[in-house]
Structure formats: C-alpha cells, structure tokens
Amino acid sequence: MPQRAIRREVHHGRMVRCFADRPANVDVMLRAAAGRRPDATAMKAGDASLTYRELDDRVESLARGLVELGLGAGDRIALLLGNRPEFLLALLAAARLGAIVVPLNVRQRRREILFMLSQCEAAAIVYEAELCGELPDPAQLPDLGHRIVVGEAHGVVGEAVQFESLLEPSPARAFDPVGEDDPFCILYTSGTTGTPKGATLTHCGVIHSAIHFEVGLGLEEGEVAALAVPASHVTGLVAILLAMLRVAGTSVFMKDFKAREFVRLVERERVTYSLMVPAMYNLCLLAPELTGADLSSWRIGGFGGAPMPPATIARLAEVIPGLGLVNIYGATETSSPATILPAECIAEHADSVGRAAACADIVAVDAQGREVPPGEMGELLIGGPMTIPWYWNNPEANASSFVGGYWRSGDIGSVDRDGFVRIHDRLKDVINRGGYKIYSIEVESVIARTEGVSEVAVVGYPDPVLGERVAAFVHCSDGAVTERCIREICARDLSDYKLPEMVILLGTPLPRNANGKIQKSALREMIPPVTKR
C-alpha cells in the first residue's frame with residue numbers, strides 16, 4: 001500500500017501530524033463510498049441488508065425526518081440501541097445534519113442512563129422498545145424533547161415517535177457543511193471519580209482513526225467485517241463501522257457474540273476482518289463448529305484490550321493459517337488505535353503493543369513530566385489528531401487529563417529505541433473484564449450506599465477466559481448486610497458486566513497501610529485459590 005502524505009496542522013490549539021488527503025467529515029466519507037460502490041452491500045443484519053445507495057438514501061430520509069422534529073446541528077442525540085441497522089442509520093443521519101450522537105450501552109441501567117442524558121443535555125433519544133423500562137421519567141430530563149422508539153411501543157415512557165415514521169418522504173433540504181473539528185459523538189467512559197466522563201470525538205479524529213485502520217491493517221476496498229463487539233463502544237463504532245465506510249466495505253452485524261454463531265457467520269458471509277478482545281478468540285477455539293469450517297476468507301484478526309496468550313496465537317495459526325493477528329492499543333480518548341503491531345512483528349515483539357499509528361505521537365514521561373530515556377518506564381502521553389480535545393462539559397477532568405496537547409493515558413509504559421511501545425502497569429485501579437474496563441471506584445460507590453456497609457473495596461482477580469473478574473470486599477460493622485443485598489443493589493444500578501462475581505463479607509476493617517490507604521494487594525491474596533483457576 002502506498003505511503004500517504006502527512007503534514008502538520010493546528011487543531012484545537014494543538015500542532016499535530018495529519019493525513020493531507022482525507023474526507024472533510026464522516027458524511028463526506030459515506031457519500032464517497034456510495035459514489036464508488038453504490039450497489040455493494042454496506043451492511044447486513046440477519047436477513048436484512050442495505051447497499052450503499054440504499055444506505056445513503058435512508059440516511060438522507062432520516063436526516064430530513066430529524067430536522068422535521070426540530071433537531072439540528074450541535075444537538076445531542078442519544079442512541080440506546082444494540083447492534084442493529086437503526087444504529088448505523090441514526091449515527092450517519094446525525095452526522096449529515098451536524099448533530100452529535102451519544103451511544104449508550106444497552107446493558108446500562110436507569111441510573112447510569114439518567115446521568116449521561118443529563119450531563120450531555122441530550123435533546124433526543126432513539127431507543128429499542130424493549131428497553132423502555134430503563135428510560136428515566138420525563139420529569140427528570142426536561143431537555144430531552146424527543147423520544148424515538150424502534151419496534152413495538154408498548155409501555156413507552158412519555159410520548160414517543162416511531163423510528164420508521166422518520167423515514168417517510170419529507171421536503172428536500174440542503175444541510176450546512178459540518179466542520180471537521182466539530183464533535184461527531186460523545187462516548188462515556190467509566191470515571192475514576194465514580195461518574196463517567198464524556199469523551200468528545202471529532203469528525204477529524206474518527207476519520208484519522210479510520211485511515212489508521214486502513215493503512216495499519218492493510219484494509220482493502222470491499223472488506224467484509226464482523227461487528228461482534230458493541231456498536232456503542234469505540235471499537236465497534238470506529239474500528240468496524242467507520243473503517244468499513246472508509247473502504248466501502250460490508251459490516252455484518254451480530255446482535256450478541258456467541259462463539260459458535262460467530263464461526264458460522266465468518267464462513268457464511270466470507271468475513272475478511274474482525275477486531276475483538278482475546279477472550280473472544282479463545283472462545284472461538286472452543287467452538288465445535290471450528291472443525292471443518294471454511295474460514296479461508298478471514299485474513300485480518302485485530303485484537304486489543306488485553307494481551308493475547310501465546311498459546312492462543314499458536315493455536316489460531318494452526319487452525320486458521322491464513323489469519324494474521326494484529327495487536328491494537330488505544331482508548332476511547334484516542335478514537336481507537338494509538339499503536340498497531342502487525343502480524344509480521346508479533347513473534348519478535350510479542351511483549352509489545354506495536355508502534356505509534358502514522359499520525360500518533362506517544363511519549364513516556366516521569367512524575368515531573370520529563371521524557372524518560374528509551375526503554376524506561378513512565379506514564380504514556382498520547383497526542384495526534386485522533387486524540388479527543390476534551391471531555392464534554394467537564395473542566396475538572398480536562399484540567400487533570402490533558403497536558404501540553406497530549407492526553408494522559410494513566411498507563412505506565414515504555415517506548416524503545418525502535419519505537420515499540422510496551423504497557424507495564426496501570427496508574428489507576430482498572431479491572432479489564434473481557435475487554436470491558438471497570439473502574440473499581442464506580443462499583444465501590446454503589447455498594448457504599450447500602451445501609452450497614454462500613455467500607456468496601458473492589459479488586460480484579462485472574463480468569464483464564466475473561467482476563468479478570470470482579471470481587472467486592474465489604475466490611476459490615478453490625479453484620480446486618482447480606483451478600484444477596486449487595487448483589488441486588490449492584491444489579492439495580494450497574495451494568496451487568498460490572499457486577500461482582502464474588503462478594504466477601506468481612507467482620508473486621510479492611511487492611512490499610514501506615515497512611516491509611518486500603519491495601520488492595522492484601523485483599524487479592526485473600527481470594528480463595530479455587531476462584532483463581
């Protein structure tokens with residue numbers, strides 16, 4: 001693949017390296033794909049499919065319908081939708097009219113949804129009818145003027161507009177051009193202070209990420225990608241949906257990942273590209289369907305979120321010899337990839353997450369903000385056009401999370417003389433459960449509200465499939481709190497992947513060091529050995 005010209009530009013007050021030739025915004029990228037391959041399949045979901053011509057037409061109709069409701073540029077439109085066609089349509093229609101999408105995880109609960117909708121002052125929400133029970137009451141969200149329901153609207157909270165009605169013919173209109181530095185979406189990340197932060201991804205940022213995937217992974221025109229991770233996460237949104245727009249490829253939707261069905265889908269749809277967490281590849285290796293399946297089309301297997309076990313790499317090479325594994329390191333704040341380790345480098349640099357993406361800039365610094373020598377450990381700072389400029393309406397987080405035009409990753413890592421990046425530890429206490437990042441303090445703050453709980457600490461413990469699971473240590477002074485009570489409050493207020501798999505009630509205070517800080521390392525040692533296997 002030919003080298004792409006890169007030049008320095010100023011965006012949001014930062015001097016960054018950019019691809020000189022790029023689409024002006026996400027809508028321009030969609031129109032370009034529809035112009036190049038109008039009759040090619042843009043997306044498939046079960047028996048439903050859309051060509052690029054059909055996708056462009058429906059996006060136009062939906063954008064007009066949203067304007068008829070009174071929505072426009074800069075309005076926040078939340079999406080409480082799983083991996084289904086309406087997600088892609090709403091995402092691209094919002095981009096066409098300059099609105100800002102706010103994807104929400106369908107596994108989130110009412111308390112979490114209320115916070116996010118309030119924090120971004122959402123003007124509308126598009127949601128699945130079966131999730132109406134998780135919607136906050138209208139009185140709690142005075143700014144939420146429009147509720148748009150997908151599916152049968154039984155028991156809908158407040159007045160709702162049917163999604164399909166917005167696709168009906170409406171007057172033609174010209175949309176104002178969207179600036180590339182304008183926000184494209186807000187993705188909420190788990191907050192280290194107990195509340196999520198709204199990472200603001202720009203059109204310029206996600207377009208650079210889509211090109212990084214194209215260039216770094218060698219994506220070709222007309223790839224077929226499996227959307228097996230949530231579309232509401234940065235991986236599904238950028239690495240699959242937008243990357244496929246960039247190469248006019250096909251996104252094949254899976255509602256929920258199941259290894260056996262995934263293997264069948266790869267064979268049936270001739271999937272060429274995936275990006276998943278290592279646990280998902282491990283589960284595929286256990287699927288009986290893998291034996292005898294024709295997976296010869298599958299050539300690019302991206303992974304991230306956790307290290308890929310050497311045994312898994314070896315087994316995949318044996319079973320699917322044509323599959324090249326590519327390690328991706330990034331975050332919501334970097335609009336997905338910050339580094340890429342291609343397949344040909346994995347054997348020699350297995351302990352690395354690769355080199356910085358073409359327009360990325362990564363530096364390791366000490367506690368005083370000074371760059372450390374090559375190979376030495378420091379906090380990784382990440383800059384580039386794909387790095388978010390700010391968190392939405394969060395000056396405190398902005399002040400603490402950005403320095404000198406770089407985002408502070410919170411990861412302790414190193415950059416060697418050849419530019420290979422290694423991750424050594426985390427500054428914050430994050431649990432990585434099958435690729436889902438869980439901040440301990442968020443779970444702790446929920447449990448701490450339980451009457452009778454004196455103190456609580458949440459830690460991760462090793463799991464061979466998911467990487468880590470969640471354990472909660474709870475000190476109850478009067479013994480009135482039960483494990484069932486803790487589980488019930490967590491199930492009510494937290495996403496299911498954040499729920500503690502183990503709750504340990506202690507009659508004594510949690511162990512602390514001389515400075516009074518809870519010793520989580522000592523708590524991890526208290527986890528029964530049988531649980532670690």
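**Close-up views of a predicted model**

By the criterion used here, in which a side-chain nitrogen of Lys or Arg lies within 4 Å of a carboxyl oxygen of Asp or Glu, the count comes to 39 salt bridges. The structure is a predicted model, in which local features need pLDDT of at least 70 and side-chain atom pairs count only at pLDDT 80 or more, whereas totals for chains, interfaces and linings use all residues. Residues are numbered from 1 along each chain as its sequence is written, and side-chain values use heavy atoms, with hydrogens and water left out.

View 1. The side chains of Glu 9 and Arg 7 meet in a salt bridge with an N to O distance of 2.7 Å. Relative accessible area is used to call a residue buried (under 20%), exposed (over 50%) or partly exposed (in between), with a 1.4 Å probe and protein chains only. On this scale Glu 9 is buried at 12%, while Arg 7 is partly exposed at 43%. Asp 27 forms a salt bridge with Arg 31, and the closest N and O atoms of this pair are 2.8 Å apart. Because Asp 27 and Arg 31 are four residues apart in helix H1 (residues 26-36), about one helical turn separates them. Helices (H or I, at least four residues) and strands (E, at least two) are DSSP runs, numbered from the N terminus. Asp 27 is buried, with a relative accessible area of 8%, and Arg 31 is partly exposed at 40%.

View 2. Glu 483 and Arg 487, both in helix H13 (residues 483-493), are four residues apart, about one turn of the helix. Their side chains meet in a salt bridge of 2.9 Å, N to O. Glu 483 is partly exposed at 35% relative accessible area, and Arg 487 is partly exposed at 31%. Elsewhere, a network of salt bridges links Lys 44, Arg 260, Glu 261, Arg 264, Arg 268, Glu 269 and Glu 289.

View 3. With a disulfide taken as a pair of cysteine sulfur atoms within 2.5 Å, the count comes to zero disulfides. Cys 359 is in no disulfide, and the nearest cysteine sulfur, that of Cys 18, is 6.1 Å away. Cys 359 is buried, with a relative accessible area of 1%. Cys 485 is likewise in no disulfide, the nearest cysteine sulfur being that of Cys 476 at 8.9 Å, and Cys 485 counts as partly exposed at 30% relative accessibility.

View 4. His 208 lies in helix H5 (residues 203-217) and is buried, with a relative accessible area of 0%. A polar atom of the His 208 side chain lies 2.9 Å from the backbone oxygen of Cys 204. Not counting residues up to four places away in sequence, His 208 is in contact (heavy atoms within 4.5 Å) with Cys 18, Phe 19, Arg 22, Cys 359, Pro 385 and Met 386.

View 5. Val 102 has its place in strand E6 (residues 100-103) and counts as buried at 0% relative accessibility. When neighbours within four places in sequence are left aside, Val 102 is in contact with Arg 76, Ile 77, Ala 78, Leu 79, Cys 120, Ile 186 and Tyr 188. Val 102 and Cys 359 are 257 residues apart in sequence, and their C-alpha atoms are 26 Å apart in space.

**View 6. The cover of helix H8.** Helix H8 (residues 278-286) is mostly covered, since seven of its nine residues are buried, namely Pro 278, Ala 279, Met 280, Tyr 281, Asn 282, Cys 284 and Leu 285. The buried residues of H8 pack against helix H7 (259-269), strand E14 (273-276), strand E15 (300-303) and helix H9 (310-319).

**View 7. Two residues with positive phi in loops.** Glu 121, although not a glycine, has a positive phi of about 55°. Glu 121 is found in the loop between helix H4 (110-119) and strand E7 (124-128), and counts as partly exposed at 43% relative accessibility. Asn 393, again not a glycine, has a positive phi of about 50°. Asn 393 has its place in the loop between strand E20 (378-383) and helix H11 (395-401), where it is exposed, with a relative accessible area of 58%.

Key. A polar contact is a pair of N or O atoms within 3.5 Å; within protein, one must be able to donate a hydrogen and the other to accept it, and residues adjacent in sequence count only if both atoms are side-chain atoms.
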